[in-house]
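Hello,

Here is the structure for you to look over. My notes follow below it.

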Amino acid sequence: MQQIRIAGVSKRFDDYLALDRVTLDVEGGEFLSILGPSGCGKSTLLRIIAGLEMPSDGDVHIAGKRVTGDPVWKREIGFVFQNFALWPHLSVFRNVSMGLELRKVSKAEIDTRVREALRLVQLDALANRLPAQLSGGQQQRVALARAVVLKPKVLLLDEPLSALDKNLRQDMQVELKSLQRTLGLTSIFVTHDQEEALSLSDRVVVMNKGVIEQVGTPQEIYSTPRTEYVAGFVGEACFFHGIVEGGNVLRLADGAAVPLAAPAPTGARIAAFVRPEWIKLETPSNGGAPAGVFERLIYFGQSSDYLVRLGDRQIRVKHRDGDRVFANGEAVALNCKAWPLAAGAQAL
Amino acid sequence: MIGRSKTLLLVPSVSILAAFFVVPLIWVVGLSFMSSDGTGKLVTDFTLGNYTRFLTDAYYLDALLWRTVRLAAIATLFSVVIGYFGALAIVRSAPSWQPWLILLVMLPLWVNLVVRTLSLMVVLGRTGPVNQFLVWTGIADRPIPLLFNETAVLIGMVQVAVPFVVMSIYGVLQSIPRQLEHAAMTVGATPLSAFRRVTLPLSMPGILAGSVLAFGINVESFVVPILLGGGRVRFMSVAAYETATVSNNLPFAATIGVILLVVTMAMLALYQWAVRSMTRARPVLATAG
Amino acid sequence: MKRRTVVKGLIGLLAAPRIAFAQQKELVVAAFGGAYTDTVRKTIGAFESANGVKVSFVPASGADGLAKAMAKQVDVMHGDLAWAFRGVAQDAFEKLDPAIVTNLSALHPKARFSEYGVVTNFGEYGIAYDPSQVKGEPTSWLDLWKPEYKGAVSTTGYDAANIELIVLMAKLNGGNEDNIDPGFRKMAELGKQISVFYSQHPQLLDLFRTKEIVMARWLRGRVDWANKQGVALKFVAPKEGAIALVSTVHVVKGRPQTELAQKFVNHLLSADSQKLYAADLGYTPSRRGLDLAGIDVPYSDAMIDSLLMSDWAKIVPKMDAWKERWEKEVVAR
């Protein structure tokens, strides 16, 4: 069942088109990320779903009901703000209980539900603290508890983890995901961090300049992106531009040939890309594979990368156990299959 | 060493405070326990006579002290309500407008108070625009006396105090992120209840500062009651001035001043205490309700 | 040797102006500010050169003036009868010496109210009225009490002229300065007639302009001023007598140059100075026998004789108590 339907939503601020006819369906219980750089319209879309902004055009449905004109307080959503937006004058308990108070829930039930929500985020011991007495991670959990205590139809999260430091962020990702699973909440998660989007989501929406570039599972978005923009945004990519020969080889301008991982129309001028971990470095032979110069090894501890100069580009290649060790300055060949981008021609 | 040089740094400000505030205050308090012979000559023997005269006379207690405190308190209430909405309107207006709106609020402060009050007399006068409007719209069938009564003094005091209230509340409101209200709306609060539950309690420090300022200004009003009260609306500060300059009874004038100061300070302490205990009691009340 | 001469010369140069300054005597006069001081200044040059003195003015009268006199900061003080008698009681003034203040003999006797001061000029408080609103010409102070003008008459708050009015009402009803109750009883009735006690001249002018007031206790000179402002008013001196507005001058005791101060007082009473009070300020001079042709100021012995001027030596000690009675019985509703 579709829990959220966004149909042809546009948003215009004065002369600036922030969203251009965006259409998107979100399934019940799904965790969907909206990924994109700042200014791409992802937050605006989320605020339109919440009712914090009104669309200039198009419709929003939540749980089968058209809510386009409804104000935020009637939409039964949970919203988690980037910088928590906790009420500094109220205790943790009252931050969480306000929504229930507004719904005239009985005192006993408020108490039960708030305690339960706080237990869920492991803050039941700190119910009487003020927000200022909590750490950043604890504040974020209060914000989560505040949103989920109302059993909302959808949970909307606006870059909720970006204010936290890296370690805390990874812990919170795990917690957030398990909380979402436990409650079976339909969630939309806005972020500019591709790792976060890929690791948390059932599906990822990549947005750019007010339009959706691609919607897909994390694997689809990462391995088989449709555009150069998506390929470049969700991970490190090395692009090749050339003409398709024989349906499965890309002939580059310098004469090198790169095999394609999927067929493409012969004679078409397209772009294809490889991820660092798809490439295997070899000693040059007569195969016609792209040739480069080994520059150096970067050691990270648990893994390491090769840096290879390819014409005027420098690309990364993932080092794998058992790889041959190259000397700096040694000529190498790139053994890899490139993924042809459907919209490659336009990206040229 | 460091401690001593820090203390030394305080010397200029402390001595200025002492010279311009503490010493005159001590002198005035001392004066209030002296008396004056019929011709205004100071008699330095200690006496409680001035206080007895004031505190045992219904005229001084009711017509003077109570009227002063009552009008100042009412004017403060109006000033804070008007000032709050003014400040809110400015905070919620487009950022590019805000400096101009602030300027508009500050503008009257650069005009001499006497001139401002005199122009208010023109506005409120029998042939002034307010009365013309009332008659023209038929709300009143003939000009009503808006001047030379307590209402006129109230209007005058509100006019004086509002800019100060706006400024002190504006500062606090500006520091409250709008997102806090939005957060309340996401949990189901209408804009009104979001304001009542979030912005209003968070702006309490501004309201407190604004009302203390407004009450302090109003209770010391001098020009306004003289000009707009038409000589009928007696005020403590005016009485102190006239007692000094017309009756030439400096000790009794000092007594009026001291009583006004003590009552003002007591009122403000009481007010702060009341507001504090009210805000402290809020969470308990709300969860109970 | 040579160097020493140069140094001496330099010291001489530096010291010379200071010596000259020290020789220049200075007289500090506390006076009513504004036009009043400007008028006195007009003739001061002759006095300064005749006596080798520099006269400087400080704007101070009333409480401020007496305070400066008591602190011996001024040589000459201006005031009114209340402050005059307060100063006398506090021993602030020198007796005027008829041998120096020779002009005393040329004054109307009413001006010589005390040995410690003298009236330099008189003004008249009477009834100002709007002829378009008042039927006929008021003739008596009691016209302010007429029921048809209830709410449309005005006077100031408690001041010297209203004290004269209280005393007059006491006298008209069998009392006097020592038996003031009848006066307050009558004034309490006036209080009920009044909606505004005015405090500023422009304020009263506006009240007349808007017809909120049709009759008020005001100064003759101010009525002329109102007419120039385009508010057509008339002035009448009531039959009981106009109330005197007096400006007094005193020599402050304990200052180094009291003789010079006496000469200055004499200068204020000279024919030239006295004429200017009339010409520039519209006040009636205290000096008799001046030629005031062409100056529109009432000037006669009879006129000064008729001015109401109570015994302020008796009033001054009671002013504080009367102020309280005024507030309770006249102002309070």
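Two residues count as in contact if their C-beta atoms, placed from the backbone, lie within 7 Å. Among contacts in chain A between residues at least 6 apart in sequence, 65% join residues at least 24 apart.

Before the rest, some ground rules. This is a predicted model, where local features need pLDDT of at least 70, side-chain atom pairs count only at pLDDT 80 or more, and totals for chains, interfaces and linings use all residues. Residues are numbered from 1 along each chain as its sequence is written, while chains are lettered from A and ligands numbered from 1 in the order in which they are written.

Chain A
The C-alpha trace of chain A spans about 80 × 45 × 35 Å along its principal axes. Chain A has nine helices and 20 strands (DSSP runs numbered from the N terminus: helices are H or I, at least four residues; strands are E, at least two). Of its 348 residues, 42% are buried, that is, with 20 or more other C-beta atoms within 10 Å of their own, C-beta atoms being placed from the backbone.

Chain A is assigned domain 1 (2-230) and domain 2 (236-347). Such bounds come from an automatic or database domain assignment. The centres of the two domains, taken over C-alpha atoms, are 39 Å apart.

Contact between the chains
Chain A gives 20 residues to the contact and chain B gives 19. On the chain B side, α8 (178-186), α9 (191-202) and α13 (250-288) each give two or more residues. The largest share, seven residues, comes from α8(B).

Best wishes

How values were computed. Buried ≥ 20, exposed ≤ 12 C-beta atoms within 10 Å, placed from the backbone.
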